[in-house]
Amino acid sequence: MNILEMHEVHTFIAGFHILEGVTLTAEHGKLTILLGRNGSGKTTTIKTIMGLTPAGSGEILFQGKAIQKMHDFEIPWLGISLVPEGRDVFSQLTVEENLLIAVRKGKNITKQRLDYIVNIFPPMKDLFKKKGRNLSGGEKQMVAVARALVNDDELLLIDEPTKGLAPIMVESMRLALAEIKKNATIILVEQNFEFASSIADDFLIMEHGKIACGGKIGDLINNEEMQHRYLGV
Ligand SMILES: Nc1ncnc2c1ncn2[C@@H]1O[C@H](COP(=O)(O)OP(=O)(O)OP(=O)(O)O)[C@@H](O)[C@H]1O
Ligand SMILES: [Mg+2]
């Protein structure tokens, strides 16, 4: 079953035609990796799903329901979380407060859920009382992803979580995503092909605001010509 489908989605930003007919599917329970060179439209694709750069035309289906006309503040309530690029955390708030502030209005976070999150990111346990401004880049990225887990959403959209991270933090992120994937569907934007190929089930490659190709990750791993052509690997 597909948790998400996009059909011929066009997005315009400031008069520029950025997504030029994106058509893709993401299967429920899988980790789909969205690859592509700089500026190919990966971030715009996930922002368009969230309604942050709304689709000008085309259709976006989440669990079969058309969402392309919904507002950006309504979409998370369907059960979709975004981890934007840039790992922003609130610098004045503690790690714990950064997590609690992400809980949607009218909902509560259970002790069980917090334990689940700490289990995924074990170093977080000792960071709970630390202010955002005192975190390292890797710790901020951990908090940024952890914050997207508080609502127990069906679909997580994560934009370049390993960018600029030290190898050891990249490995922690890989382990965390492998764990998160057991309970949620993930669409992951990633430039690090080695990292991507180690955890993805499926792949999509963007080029010039469109999906150029996609399939099972094994097909890409075995196809050096495709890697070279689209990714410059
Ligand atoms: N606010 C904007 N105004 C004008 N052009 C924009 C704007 N935002 C994005 N673009 C353009 O849209 C294209 C796609 O950008 P997008 O950020 O989606 O690419 P990306 O694949 O995420 O790139 P990167 O790998 O660098 O993160 C780029 O050519 C970019 O310059
Ligand atoms: Mg981007």
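## Exercises on a predicted model

In this predicted model, helix H1 supplies three residues to the shell around ligand 1, the largest share.

**Exercise 1.** Which residues lie around ligand 1, and which elements give two or more of them?

*Solution.* Start with the list: Ile13, Ala14, Phe16, Ile18, Gly36, Asn38, Gly39, Ser40, Gly41, Lys42, Thr43 and Thr44. Finally, sort the shell by residue type: four are nonpolar, seven polar and one charged.

**Exercise 2.** In what order do the six strands of the open sheet stand, and which strands are at the edges?

*Solution.* The order is S6-S7-S8-S3-S9-S10, with mixed pairing. Strand S6 (80-83) and strand S10 (210-216) each have a single partner strand, so they stand at the edges, and one side of each lacks a neighbour in the sheet. From one strand to the next, the twist averages 15 degrees. Now take one pair inside this order: S7 (residues 155-159) and S8 (residues 185-189) are parallel, with five bridges. In this pair, Leu157 is opposite Ile187 of S8.

**Exercise 3.** Is Lys131 buried or exposed, or partly exposed?

*Solution.* First locate the residue: Lys131 is in the loop between helix H3 (111-120) and helix H4 (137-147). Then count: 16 other C-beta atoms lie within 10 Å of Lys131. A buried residue needs 20 or more and an exposed one has 12 or fewer, so Lys131 is partly exposed. Beyond neighbours within four places in sequence, Lys131 is in contact with Ser91, Gln92, Leu93 and Thr94.

Note on methods. Residues numbered from 1 in each chain as written. Chains lettered and ligands numbered in written order. Predicted model: local features only at pLDDT ≥ 70, side-chain atom pairs only at ≥ 80, totals over all residues. Near = placed C-beta within 6 Å. Helix = DSSP H or I, 4+ residues; strand = E, 2+ residues; numbered from the N terminus. Nonpolar A, V, L, I, M, F, W, Y, C, P; charged D, E, K, R; others polar. Pairing = 2+ DSSP bridges. Axes fitted to C-alpha atoms, helices over the stretch in contact; angles between N-to-C directions. Contact = placed C-beta atoms within 7 Å.
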